[in-house]
Structures are given as C-alpha cells and as structure tokens.
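I opened my notebook for this one and wrote down what I looked up, entry by entry. Here is how it went.

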Amino acid sequence: MNKDAINRYLPKDAKVEFCGNVASFEVSSEDIIGVARGLHSENNLSLKLITATDEREKDGCFRVWYVFG
C-alpha cells in the first residue's frame with residue numbers, strides 16, 4: 001500500500017510519519033474515540049492491537065498505540 005492509499009484513511013489534519021506501509025500519527029485523548037470509530041466504521045479497518053509504551057525518559061509520558069489494518 002502506498003502513501004496515497006494510506007492517506008485516505010487518516011484525519012485531514014494528522015501529522016503523519018510513514019515507515020514503509022505503516023502510517024503513525026498522534027491523536028489527543030479527546031479525539032481517540034472518534035478517530036478509532038471512523039477507522040473501524042467508516043473505513044472498515046479492524047482493530048488489530050492496543051499496546052502501550054513507557055516514554056517518560058524521552059518526553060515524559062506514556063503512549064497508547066492502536067493498530068488498525
């Protein structure tokens with residue numbers, strides 16, 4: 001899948017980082033439900049994984065990662 005194909009699934013204002021056919025972008029806690037619902041309901045992407053990383057040494061926070069495919 002190329003960047004143009006991936007972009008059709010992403011929020012318009014997302015600052016996206018690409019690594020091969022993986023796109024990652026940050027979503028606020030206030031927006032995550034709407035974004036996840038849109039990826040699943042509107043784009044028929046299934047939720048594959050939810051995981052978290054401890055990034056306190058890097059930027060002082062934990063990150064929760066949602067993987068859709």
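Before the strands come up, I note how they are assigned: helices (H or I, at least four residues) and strands (E, at least two) are DSSP runs, numbered from the N terminus.

**Confidence.** I remind myself that this is a predicted model. I looked up the mean pLDDT of the protein chain and found 89, with 97% of its residues at 70 or more.

**Overall layout.** I counted three helices and four strands in the protein chain. Along the sequence I read the pattern α-β-β-α-β-α-β. For extent, I have the C-alpha atoms filling a box of roughly 35 × 25 × 25 Å along the principal axes. I also checked burial, and buried residues make up 14% of the 69 residues. The protein chain exposes about 5700 Å², and I see carbon and sulfur atoms supplying 50% of that area. Of the contacts with a separation of 6 or more, 17% are between residues 24 or more positions apart.

**The nonpolar patch.** Which residues form a nonpolar patch on the surface? I found L47, I50, V64 and Y66, with about 370 Å² of accessible area together. Strand 3 (47-55) and strand 4 (61-68) each supply at least two residues of this patch. V64 counts as exposed because its relative accessibility is 51%, and the cut-off for exposed is over 50%.

**E55.** My next stop was E55, which lies in strand 3. Is E55 buried or exposed? I have E55 as buried, because its relative accessible area is 15% and the limit for buried is under 20%. The E55 side chain makes a polar contact with the side chain of T53, at 2.8 Å. Setting aside neighbours within four places in sequence, I listed G60, C61, F62, R63 and W65 as contacts of E55.

**N44.** Last, I checked a backbone angle: phi of N44 is near 55°, a positive value in a residue other than glycine. I located N44 in the loop between helix 2 (32-42) and strand 3. With 67% relative accessibility, N44 counts as exposed.

Conventions
Residues numbered from 1 in each chain as written. Predicted model: local features only at pLDDT ≥ 70, side-chain atom pairs only at ≥ 80, totals over all residues. Heavy atoms only, no water. Patch = residues over 30% accessible without salt bridge, like charges linked within 9 Å, V, L, I, M, F, W, Y side chains within 5 Å. Areas by Shrake-Rupley, 256 points an atom, 1.4 Å probe, with all protein chains shown as cover. Salt bridge = Lys/Arg side-chain N within 4 Å of Asp/Glu carboxyl O. Buried < 20%, exposed > 50% of the residue type's maximum accessible area, 1.4 Å probe, protein only. pLDDT = per-residue confidence, 0-100. Polar contact = N/O pair within 3.5 Å; in protein donor to acceptor, adjacent residues only side chain to side chain. Contact = heavy atoms within 4.5 Å.
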